[in-house]
Amino acid sequence: MLCGMTTSHHEPAIAATGLRKAYGDKTVLDGIDIQVPAGTVFSLLGPNGAGKTTAVNILSTLISADAGTARIAGHDLATEAHAIRSAIGVTGQFSAVDGLITGEENMLLMADLHHLSRTEGRRVVAGLLERFDLAEAAKKPASTYSGGMKRRLDIAMTLVGDPRVIFLDEPTTGLDPRSRHTMWQIIRELVGGGTTVFLTTQYLEEADELADRIAVLNGGRLVAQGSAEELKRLVPGGHVRLRFSDPEAHGRAATALREVTRDDQALTLQIPSDGSQRELRAILDWLDAAGVEADELSVHTPDLDDVFFALTGSSVPAQSAQSAQSAQSPQPAQSAQSAQSADKETAR
Ligand SMILES: Nc1ncnc2c1ncn2[C@@H]1O[C@H](COP(=O)(O)OP(=O)(O)OP(=O)(O)O)[C@@H](O)[C@H]1O
Ligand SMILES: [Mg+2]
């Protein structure tokens, strides 16, 4: 096809430069650059109020930016908003579902908005209802749907116009783990079919699962961008942490173990480690050989939570993470595990 040879063929699905937005004297976006290659998932992470929805609203033409330029699906944001609207789908943070009418009627309304013929509209809607496991509930008022069903309906409505780029603002907030996994599967299928997905989320695990690229928004700026692996490399690596109550034992352990970071005040030792069974055993063997026993042992594996907290300066107080580790040392392997999960709980 000839048009395949134009440059727009290789143009990113979303390319934004220097986006700015302020409300009064509050700067929400302070110069944001975003590039999303077609057929990939981009995830925007940030704490409450960081400006994620604002970014989605600007890129999906719902509100205008104060400065900056963007091209979405090959069209200029400032001059071709109409063309952009017909190429994209937006599922907002808050449901667009009308509860008074049925799920099917909500869908048919979207088909009308996209100027599909009656037959075509019915065909597309039936297919989507089936795909989103809503066929059975299709004739019931949407107000009777569960939160997860409403969310699925929301996304199904977004897909009626067969968009090439979709914006999903916190698509899985409030969903139970099963519905969340269903949603992830749907998103993967969309991307498999060549759709570009711009996703905001509060769940770092979700970005980790789905996103090709992740950007962290904080204080109006993108403070980091990269793959989940790249971002994880930004924070200090995994380690095993030992805590002692006896300064003498602490000192002896510090001498027995190599490459430790010692804190003489807290009586702790940090040993770089991947947290594997083999490394844990080696550490315990060293301690045994030195004849010392730690009061607490915990394993810390860096994950996106660490990245998030490190970059957004949110206070996951080290103290509270520590106090959650109540496990004592007699059963080191178990303590390590429970301390690790306590760590994660604290981080959320
Ligand atoms: N129409 C508006 N008028 C004034 N301030 C606004 C408006 N819309 C958003 N804001 C402010 O802009 C900031 C960013 O809001 P936004 O909704 O983009 O954040 P968010 O990252 O989506 O947060 P959340 O995770 O809570 O959804 C907030 O401080 C918010 O109060
Ligand atoms: Mg939001």
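A residue is buried if 20 or more other C-beta atoms lie within 10 Å of its own, with the C-beta atoms placed from the backbone. By that count, 39% of the 348 residues of the protein are buried. The model shown in these views is predicted.

View 1. Buried residues make up 39% of the 348 in the protein. Among contacts between residues at least 6 apart in sequence, 70% join residues at least 24 apart.

**View 2. The residues around ligand 1.** The shell around ligand 1 includes Tyr-23, Val-28 and Gln-93. It also includes Gly-46, together with Asn-48, Gly-49, Ala-50, Gly-51, Lys-52, Thr-53 and Thr-54. By type, the shell divides into 7 polar residues, 3 nonpolar and 1 charged. Helix H1, residues 52-59, gives the most to this shell, with 3 residues.

**View 3. Helix H4 and its buried side.** Helix H4 has 14 residues, which at 1.5 Å a residue should span 20 Å; the end C-alpha atoms of H4 are 20 Å apart, so the two values agree. Val-124, Val-125, Leu-128 and Leu-129 of H4 are buried. These four cover an arc of only 130° around the axis, which means that they lie on the same side of H4. An α-helix has 3.6 residues a turn, so residues three or four places apart point the same way. Thr-119 and Glu-120, on the other side of H4, are exposed. The cover over the buried residues of H4 includes helices H3 and H5. Just after H4, Asp-133 takes a positive phi of about 60°.

**View 4. Helix H5, largely enclosed by the rest of the structure.** Helix H5 runs over residues 147-159. Its 13 residues should span 18 Å at 1.5 Å a residue, and the end C-alpha atoms are 19 Å apart, which agrees. Of these 13 residues, 10 are buried, and therefore H5 is largely enclosed by the rest of the structure. The buried residues of H5 include the charged side chains Lys-150, Arg-151, Arg-152 and Asp-154. Also buried in H5 are Leu-153, Ile-155, Ala-156, Met-157, Thr-158 and Leu-159.

**View 5. What covers helix H5.** The elements covering the buried residues of H5 include both helices and strands. Among the helices are H3 (103-113), H4 (118-131) and H6 (177-192). Strands E6 (88-91) and E7 (165-169) are also part of this cover.

Notes: Residues are numbered from 1 along each chain as its sequence is written. Chains are lettered from A and ligands numbered from 1 in the order in which they are written. This is a predicted model: local features need pLDDT of at least 70, side-chain atom pairs count only at pLDDT 80 or more; totals for chains, interfaces and linings use all residues. A residue is near a molecule or strand if its C-beta atom, placed from the backbone, lies within 6 Å of it. Helices (H or I, at least four residues) and strands (E, at least two) are DSSP runs, numbered from the N terminus. The expected span of a helix is 1.5 Å times one less than its number of residues. A residue is buried if 20 or more other C-beta atoms lie within 10 Å of its own, exposed if 12 or fewer, and partly exposed in between; C-beta atoms are placed from the backbone. Two residues are in contact if their C-beta atoms, placed from the backbone, lie within 7 Å. The arc is that of the directions from the helix axis to the C-beta atoms.
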